[in-house]
Amino acid sequence: MTDPPAPCQGDGVDLVDLWPPAGLRVQWDDLELRFLDDDLLLRVAELAGEGVHADDRMPFMTPWTRGTPDEVARGLLRYQWAARAQVEPDDWKLELAVLVGGEVVGVQGAFATRYPVTRSAETGSWLGVRFHSLGIGTRMRLAMLHLLFDGLGAHEATTGAFSDNAASLAVTRKLGYLASGRRRVAREGAVAESLSFAMSVEQWQARPASQRPPVTVTGAEAVAEMLGVA
Ligand SMILES: CC(C)(COP(=O)(O)OP(=O)(O)OC[C@H]1O[C@@H](n2cnc3c(N)ncnc32)[C@H](O)[C@@H]1OP(=O)(O)O)[C@@H](O)C(=O)NCCC(=O)NCCS
């Protein structure tokens, strides 16, 4: 695994000190979740432009994967730059690059509003299409659950998927979430069914041995402080 580049330093100012999410790192063997700096962001944008799913599918509420490779990549940059700045206790997004053996394969995110009160965060993720069905989606979600429950003091993690997204639903069920609802939504002009799921911290703590891999979380304490939950 390659070491991350040294964080930016100004004259006596360290980016990680000023902006703790820049120091976040979750590692599990060859899999790593890492802050999306501009270098990683460019690689992620290129990957998204190469395709995230088959053309006749739409796994996202906002169909950001439609368009030419450049349009998709540019839309991703726009979204991720805004997300990177959105880290406040009452409304935060943590979008982390997913690397396997140093190669960028996708993004694993978590989002929350009023987190100091609710301690509930929603996850969302995607992989470049050539990295699907290799077990990476399950591993990166589990890595993010480690960050949320063990690093950021979450009491609940939620997730959702359309009822025709078999891979995402399989990951959710494998990890032991409980179904928490379903609703009809408009997706690209047609009705679709959106399913939601939740996992409590009690479920997390009671998870089976198969879901207790050697995951290391770095830099979460300072992020928890920034999010008002230290
Ligand atoms: C969803 C996603 C992140 C899952 O990652 P992944 O690496 O493909 O998932 P995994 O390989 O870890 O697990 C997928 C599971 O789905 C199952 N699966 C995949 N396609 C399936 C299908 N058509 N029917 C039934 N099961 C299916 C696999 O068998 C596997 O389960 P198993 O390990 O019990 O065999 C990835 O597929 C992806 O990026 N999809 C496009 C974007 C997306 O849907 N994002 C989520 C939006 S909610």
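Modeller: A residue counts as near a molecule if its C-beta atom, placed from the backbone, lies within 6 Å of it. This is a predicted model, in which local features need pLDDT of at least 70, side-chain atom pairs count only at pLDDT 80 or more, and totals for chains, interfaces and linings use all residues. Residues are numbered from 1 along each chain as its sequence is written.

Biologist: How many residues surround the ligand?

Modeller: Among the closest are Pro 59, Gly 137 and Thr 138. The shell divides into 11 nonpolar, nine polar and one charged (Ala, Val, Leu, Ile, Met, Phe, Trp, Tyr, Cys and Pro count as nonpolar; Asp, Glu, Lys and Arg as charged; the others, Gly among them, as polar). The number of residues around the ligand is 21.

Biologist: Which element gives the most to the shell around the ligand?

Modeller: Helices (H or I, at least four residues) and strands (E, at least two) are DSSP runs, numbered from the N terminus. β6 (120–127), α5 and α6 (166–174) each give two or more residues to the shell. With six residues, the element that gives the most is α6.

Biologist: Is Gly 137 buried or exposed?

Modeller: Gly 137 is found in helix α5, residues 136–151. A residue is buried if 20 or more other C-beta atoms, placed from the backbone, lie within 10 Å of its own, exposed if 12 or fewer, and partly exposed in between. Because Gly 137 has 24 such atoms within 10 Å, Gly 137 is buried.

Biologist: How many of the 10 residues of strand β8 are buried?

Modeller: Strand β8 covers residues 178–187 and lies largely in the open. This is because the number of its residues that are buried is zero.
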